[in-house]
Amino acid sequence: MRISILGCGYVGLVTGACLAEIGHQVVCTDNDESKIKTLNQGALPIYEPNLDEIVARNRKAERLTFTADLGDAVRFGDAIFICVGTPPLQDGDADLSSIDSSARLIAAEARSSKLVIEKSTVPMQTGQKLKRALEIYARNSGISFSVASNPEFLREGTAVLDFLHPDRIVIGVGDERTEAQLREVYRPLVEQNIACPIHNGNCPPKVAPRLLVTSINSAELIKHACNSFLAVKISYANLIADICENMGADVDEVVEAMGLDARIGPQFLRPGLGFGGFCLPKDVQAFIRLGEKAGVDVALLKDAERINKKRIDSFLAKARHALWILKDKRIGILGLAFKPETDDIRFAPAIELIRRLLQEQAQIQVYDPQAMEKTKALYPSIRYCTDPHEVADSAEALMIVTEWEVFKTLDWQRIERAMLRPLILDGRNLLRGKELAALGFEYQGIGKPIDESLAHIPVSG
Ligand code: UDX
């Protein structure tokens, strides 16, 4: 099929590249011309594992092209995926102005009927509004538009695998013709008759995903309901972690046992510094607003959000407990991205943590395998280390903020020697506390009984 993608962010790029990979002809556009220029030079504006290979292969095969000509892109596709940003407004509502501009653009530039698919995360009933907008903007043109919702469930860091091996594909449609068109788009994935392009051994076994056909409203709600549920699950794990810390239990043992209950499942039960990124926090916020507008009691979601916001407070309290005064203390931070395998720092716990540490005038030195450039733009004056071991130089504490695999295998003896005080505050329970203690470290994880011997001031004082 001929497919157009509006918006070359994470969602648009992965969707466009993967749709080309499964055999469609895809043209991607973005109103940020510099992004298109970068893409046409063979580079990617984001870091996402496996995406570079897929983009390069499909550009070479001429199934995937990038153009700054928005009109050309609109006219190219029979189906147009809207993948533009829907960032949160001050009041927590999603900003839908880019969806509206996309509708204007499509209505103005289309010369034939189009299927317009919302892929961006949008509040419920946006599909209806989009359809109405297209009709109004294309009034008198004689061109008809059908609208569908096809929410994405792509996790940054594994987005390509998530696209090519989905758990399920949800298509929200209003008529059979639209359903047939979208079934055609996803047929290669449903039949799993594609050669998996991932060559690093991480390719999951071929399992045909279920394709669920729903109403447009339900499809929009499914996306919100999933992300908010994941947020609630993480906050629940963090609540358990706090109880463990105060009552002398070990959260890793508790959540492992919980996860073995098939009704609960092991995923998204990892306690730590909370959920960040551009999806979960903003989706929960938007869902709260939506529920409130619908007159529904959304206290559960508000509590999940509140628990999440307090993760940094309790981590800093732990730092103060061990370090007493933070002013002028040298602190090493490992990890800036909101999670591993991405360079994305939007709503990353590390960003808020650094802000608060700077407020208390701590001296900060950081390392992240991918996210340093983006962080430099926010905090130009902290020290950026070229090697993860360097963050230990004369530090009085080392904080693990993102659970990159490489941090597990650092030369911990070298780090212990380099630190002024070999204290590790592990915000992701990434490391083995006992092994580090044997090397001479003081170690405090999340949801572990608080080690009072770490306290700078005796608890009784
Ligand atoms: C999320 C959804 O998972 C995906 O389906 C959706 O389409 C986009 O939003 P993403 O934002 O890439 O994906 O990240 P995700 O893997 O969901 O993690 C979100 C945050 O939760 C991260 O900050 C991560 O560190 C945190 N997290 C995740 C935990 O703190 N504990 C966990 O157990 C899992």
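Buried area is taken here as the accessible area, with a 1.4 Å probe, that two parts lose on being put together, summed over both. In this predicted model, about 850 Å² is buried in that sense between domain 1 and domain 2, and carbon and sulfur atoms give 55% of it. On the domain 1 side, P88, G92 and D93 lose the most area to domain 2, together accounting for 39% of what that side buries. In terms of contacts, 10 residues of domain 1 meet 9 residues of domain 2, while the centres of these two domains, taken over C-alpha atoms, are separated by 30 Å. The domain assignment places domain 1 at 2-214, domain 2 at 228-309 and domain 3 at 311-444.

Domain 2 (228-309) and domain 3 (311-444) each contribute at least three residues to the core. Leaving aside residues up to four places away in sequence, M399 touches F315, A319, I331, G332, I333, L334, L353, L357 and L425.

A search of the whole structure finds 4 aromatic pairs. In one of them, the ring centres of F163 and Y186 are 6.3 Å apart and the planes meet at 40°; the pair is therefore tilted, since planes under 30 degrees apart would count as stacked and those over 60 as edge-to-face. F163 belongs to helix α7 (residues 159-164) and Y186 to helix α8 (residues 176-190), so the pair ties together parts that are 23 residues apart in sequence. F163 is buried at a relative accessible area of 5%, and Y186 is likewise buried, at 3%.

W412 and F441 form an edge-to-face pair, 5.9 Å centre to centre with 80° between the planes. Here W412 lies in helix α15 (residues 412-418), whereas F441 lies in the loop between α16 (433-438) and β14 (442-444), so this pair links parts 29 residues apart in sequence.

The charged end of R168 is placed over the ring of F153, 3.7 Å from its centre, and R2 lies over the face of F76, at 4.2 Å from the ring centre.

Technical notes. Residues are numbered from 1 along each chain as its sequence is written. This is a predicted model: local features need pLDDT of at least 70, side-chain atom pairs count only at pLDDT 80 or more; totals for chains, interfaces and linings use all residues. Side-chain values use heavy atoms; hydrogens and water are left out. Rings of Phe, Tyr and Trp (its six-membered ring) pair if their centres lie within 6.5 Å; planes under 30 degrees apart count as stacked, over 60 as edge-to-face and the rest as tilted. Helices (H or I, at least four residues) and strands (E, at least two) are DSSP runs, numbered from the N terminus. Buried means under 20% relative accessible area, exposed over 50%, partly exposed in between (1.4 Å probe, protein chains only). A charge sits over a ring if NZ of Lys or CZ of Arg is within 6 Å of the ring centre and within 35 degrees of the ring normal. Domain bounds come from an automatic or database domain assignment. Contact means heavy atoms within 4.5 Å.
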